[in-house]
Amino acid sequence: MTQTKPPKLIHWKLIIKFLVQFAIGLGLVIAFASLVSFSSQFNIADKVIWDVQIENWRLFYIVPTYLNLTLAGTLGGLLYSMLCDQTLEFPSWGKNGEGLEPGFFLDIFVGIAGALIAYLALPEPLKQGTEAGVMIFVTGLVGGYGGKYVLDAASQRLIKRIEQVDLKKEKLEQIRKSENLQQLANRQIYQGITPEELSYLQTQLQTISVDTNLKERIFQAAKDARRLGSRVKAYEDRVNRVAPILESLVKSDRNNAPYHLQLACAYRDYLPPRLDEAIAQFNEAIELRNTQPNENDWHYELDRVVALIHKANETGHSNQENTPLSDDILADLLTLDNSHSLSRIFLEFDPKRKTLIKEWLEKNQTWIQQHSGGANLLKQAWTIAPSNTIIKAVNRTYLKKYPIQSSALASDEIVEVTVGKTYPVLKYVNTTDGHYQVQLDHNAGIWYIWAKHWELPWETALSGSQKQISGMTDSQSRNLPKVPALSLRGSVGSQGTNHADDVAKVKQRLKELGFDWFKPGSAVDPGLIQAIKLFQSIIDGKSQVKGDGRIDVGGKTHQWLQAANAPRWITMPAEGKGYFNREVKIETWDNHDYGTNWLSDTIIAAGQYYEDNYRKGNPKISPIPINDVSHPQGGDTRDHSGHECGNACDVSLPRTDGGHILNSWRDGGYDRNATKAMIEAFRKQPLVTRVLFNDTQLINQGLCQRAGGHDNHFHFEVGVPTRIDSSQEISSTDGTFRDNTLSPEPMNNISTQEFKYTYPPVFYGSRQFIVTIPNGYEQKALSADDYAKAAAEFGLEVAVVRAVVEVEASGSGFLLKEPTPARPKILFEAHHFYRLTPEPVSKSRPDLASRRWNRSLYKGGSGEWQRLLDAMTFDPIPALQSASWGLGQVMGFNYKVAGCSTVEQMVVEAHQGEYQQLRHMLNFCKNNNLIPALQNKDWAKFARGYNGPSYSANKYDIKLASSYQSWKQKVA
């Protein structure tokens with residue numbers, strides 16, 4: 001059956017709509033032509049094509065010329081819309097009832113208007129003659145098209161003007177809003193605001209609409225208030241008030257390490273302290289800083305150490321107890337000492353907190369002494385005074401709890417001392433601002449004294465030949481110029497108060513020091529900001545320009561500007577004894593000729609040492625060929641990212657023929673002996689912090705470190721000397737320590753003893769432990785035979801095994817302070833227990849099962865066993881799997897990797913002795929393919945595999961290498 005096609009429908013509605021619109025358009029054209037014709041001065045009798053009149057009244061008529069113009073203008077307007085606007089809209093009501101949209105009516109009106117205007121501008125001769133009609137139509141068409149264009153352009157310009165006015169209003173409103181927020185933040189800091197105002201301030205700070213400069217100003221104000229409040233008792237209430245501001249800033253930018261650091265410090269200094277939150281914020285700040293390397297800022301770890309010590313004191317950990325908190329404190333201090341030298345850091349750190357750290361070191365000295373680097377750490381805390389050392393007051397003065405003006409201290413923070421009063425001293429250390437910190441005999445306490453008011457025997461007792469941290473000999477120090485005090489009424493520089501007289505003083509001082517690329521006068525200009533930033537970066541020991549460009553009254557930059565040994569910006573020396581400068585003598589087209597006088601003095605001294613001890617005037621041996629330093633104004637250089645601050649220098653490689661310049665240390669003619677002598681000459685200089693060079697032989701000798709791009713030259717850097725105030729009495733003790741430094745009696749070396757404890761079946765409290773420790777088991781510490789046996793089993797050197805245990809094990813594998821029988825050392829991990837038993841433990845005991853790792857849950861020592869036993873009441877096997885065990889702290893859930901068939905076997909073996917714990921540790925390494933790294937002494941690869949990708953933060957690879965070298969000599 002065939003289907004018939006449906007009849008084709010005619011769209012009558014569309015045809016009718018088109019005819020109606022066409023009729024309307026035609027009517028508009030006729031109406032306009034008539035209107036224009038009716039108002040014209042034409043001779044109607046000759047030029048009318050349509051004349052309508054009633055009796056003696058003429059209603060309208062149409063002149064051909066104007067009909068022609070009207071039609072042309074209409075066509076021109078419509079053409080513009082179709083070709084340029086790409087649309088031709090019909091009249092309609094606007095969207096959402098916003099009024100009438102004229103559509104193509106507007107195009108017709110504008111086109112006709114443009115055509116008439118164009119016709120009036122047409123010369124008269126062109127309006128006459130046989131071709132006049134064509135000329136008039138073309139003129140109307142062009143006028144209609146152009147009229148629409150002109151109108152559109154004019155309207156766009158008007159709209160733009162209106163938008164600009166609105167933008168200015170918006171900007172003014174934003175400025176007013178910023179000023180209000182700044183004032184609100186200041187009121188919160190200095191006196192406090194209502195909860196409603198504080199909520200508004202926090203909301204605004206968390207939004208992206210707040211401009212970056214405003215947030216930075218508020219952050220700096222909060223930071224300054226927090227620091228003042230933590231140091232001066234009269235302002236301590238400010239710390240609590242800045243915390244909400246810092247919390248909001250952290251929420252606004254969670255990747256900003258300084259924000260996290262300041263919030264951590266605020267939590268630490270809070271009343272009462274919020275230590276768990278503080279430690280969490282410190283961890284976050286350090287993690288963020290490590291992803292954006294700028295490792296010269298030691299405040300992160302040292303401030304965290306203070307919080308950890310407060311936490312240890314708060315939780316009642318006894319001295320000498322080996323706890324996770326103690327381990328973390330020691331790890332941070334060792335890291336800082338390895339990278340910066342703790343004694344140098346102490347010269348800059350807040351004295352109150354420095355005292356706290358020193359007290360912790362002293363209380364835990366026996367335990368610290370067991371660790372690699374621990375003795376050196378203790379050595380830098382105090383200088384032991386000789387027997388019967390007496391200090392005597394030569395003025396009426398005070399013993400002070402803090403090294404600040406006595407007028408700023410409370411009555412219970414000072415003790416008045418009369419002239420001639422004497423005190424016996426046990427220990428002392430030089431601190432900042434002309435003070436010493438002293439520990440008085442007869443339990444009289446620890447105090448600060450102003451050096452000028454006291455007769456101090458040790459200032460003249462030491463030999464003048466000692467090398468100074470200041471980087472100078474005694475004679476150099478004593479010849480330093482006296483610098484007039486730089487008195488400022490307010491801050492100077494970026495976002496500073498910038499009083500005209502203050503700016504002029506700062507410019508004068510910077511000019512004296514060689515930082516002189518700013519405009520004369522008392523106005524702040526970009527050159528001054530750049531000079532301040534460079535100066536700040538130099539005194540912070542940075543290799544890149546990172547200063548904030550502002551000098552705060554009494555701040556670090558202000559103090560260094562007044563220092564007798566403030567850095568000067570100079571051209572590097574051209575040549576001298578034992579060295580010459582390629583940049584100045586040969587490569588005159590290059591711009592890397594500038595740096596600090598600290599670097600210049602180091603070059604001169606190293607050249608002298610090299611000449612006297614190696615070259616000795618022999619022309620066949622190359623002098624030290626100095627190369628690139630920094631640009632004339634410091635800052636960015638595409639050739640050397642680490643040469644921005646005038647404290648880093650490259651040295652070309654010497655050749656055996658007495659010349660220099662090679663493509664690589666592997667090239668023939670390379671003079672390794674001369675290079676070694678040069679590096680040793682620089683390393684003899686007190687300010688040199690590191691040498692970078694890729695010669696593997698010299699690296700193995702500990703003379704330099706590997707770094708990319710350092711095959712054809714070596715690179716050395718200088719650090720920051722101890723600041724010497726011009727008013728300060730210079731002494732040979734500044735920043736150094738005596739030979740009779742703190743050297744506590746070490747504990748007996750655990751690795752040479754054997755502890756034998758016999759185990760009966762073990763009950764903990766009222767609960768029998770799931771793993772029964774049978775009678776007859778012996779708990780043993782590692783012996784020399786154990787190390788040899790383990791090394792043979794796993795194909796390792798004994799020194800390697802010793803190094804791994806020393807660095808990774810942190811002391812004994814047992815809780816030696818417990819009565820017999822002592823239990824293995826453990827750490828219960830709540831986040832792993834949550835993973836293994838998420839319900840119902842997390843609801844009833846969130847301290848045992850936590851969704852995320854939380855440092856604050858740790859109890860340390862025996863407290864970790866209590867947590868484990870509590871967890872075992874819920875589910876014993878997962879609980880055992882959620883603890884780390886023994887020397888290597890191998891997690892229980894890794895029992896198979898540790899070489900055991902069950903976690904119970906692993907626990908039993910952990911009770912048996914440290915040898916079994918060591919086997920768990922080495923089995924873990926074997927099954928994670930880390931043994932080859934140990935065999936090849938690839939410490940970085942091993943540290944990454946054992947400690948994770950952040951191993952470098954605690955310098956595990958460096959510690960392993962150092963420990964191995966030490967044990968290699970002992971074992972041999």
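User: What share of the contacts with a separation of 6 or more comes from residues 24 or more positions apart?

Analyst: In this predicted model, residues 24 or more positions apart account for 64% of the contacts in the chain with a separation of 6 or more. The chain has 972 residues, of which 50% count as buried, and its secondary structure comes to 35 helices and 27 strands.

User: Why is Trp939 called buried?

Analyst: Its relative accessible area is 10%. Buried means under 20%, so Trp939 with its 10% is buried. The residue is placed in helix H34. Apart from residues up to four places away in sequence, Trp939 touches Val800, Leu934, Asp957, Leu960, Ala961 and Tyr964.

User: What makes Trp939 and Tyr964 an aromatic pair, and why is the pair called tilted?

Analyst: The ring centres are 5.5 Å apart, and rings pair if their centres lie within 6.5 Å. The planes make an angle of 45 degrees.

User: How many aromatic pairs does a search of the whole structure find, and which residues form one aromatic cluster?

Analyst: The search finds 20 aromatic pairs. Tyr670, Phe682, Phe693, Phe714 and Phe716 form one aromatic cluster.

User: How do you know that Lys401 lies over the face of Trp447?

Analyst: The distance from the ring centre is 4.2 Å, and the criterion asks for NZ of Lys within 6 Å of the ring centre and within 35 degrees of the ring normal. Lys401 is assigned to the face of Trp447. Likewise, Arg274 lies over the face of Tyr270, at 4.8 Å from the ring centre.

User: What describes the packing of helix H6 and helix H7?

Analyst: Two packed helices are described by the angle between their axes and the distance between the axes. For H6 (residues 212-231) and H7 (residues 237-252), the angle is about 145 degrees and the axes are 9 Å apart. Their crossing is left-handed. Among the residues that meet are Ile218, Phe219 and Leu228 in H6, and Val242, Ile245 and Leu249 in H7. The residues of this contact divide into ten nonpolar, three polar and three charged.

User: Why is Lys616 called exposed, and why is Gln495 called partly exposed?

Analyst: Lys616 has a relative accessible area of 62%; exposed means over 50%, so Lys616 is exposed. Gln495 has 38%, which falls between the limits of 20% and 50% and therefore counts as partly exposed. Each has a positive phi although it is not a glycine: about 50 degrees for Lys616 and about 60 degrees for Gln495. Lys616 is found in the loop between helix H22 (597-615) and strand E19 (624-626), and Gln495 in the loop between strand E13 (492-493) and helix H18 (500-512).

User: What makes helix H29 mostly covered?

Analyst: Eight of the eleven residues of H29 (residues 862-872) are buried. Among them are Glu864, Trp865, Arg867 and Asp870.

Notes
Residues are numbered from 1 along each chain as its sequence is written. This is a predicted model: local features need pLDDT of at least 70, side-chain atom pairs count only at pLDDT 80 or more; totals for chains, interfaces and linings use all residues. Side-chain values use heavy atoms; hydrogens and water are left out. Axes are lines fitted to C-alpha atoms, for helices over the stretch in contact, and angles run from 0 to 180 degrees between N-to-C directions. Helices (H or I, at least four residues) and strands (E, at least two) are DSSP runs, numbered from the N terminus. A crossing is left-handed if the near helix is turned anticlockwise from the far one by less than a right angle, and right-handed if clockwise. Contact means heavy atoms within 4.5 Å. Ala, Val, Leu, Ile, Met, Phe, Trp, Tyr, Cys and Pro count as nonpolar, Asp, Glu, Lys and Arg as charged, and the others, Gly among them, as polar. Rings of Phe, Tyr and Trp (its six-membered ring) pair if their centres lie within 6.5 Å; planes under 30 degrees apart count as stacked, over 60 as edge-to-face and the rest as tilted. Buried means under 20% relative accessible area, exposed over 50%, partly exposed in between (1.4 Å probe, protein chains only).
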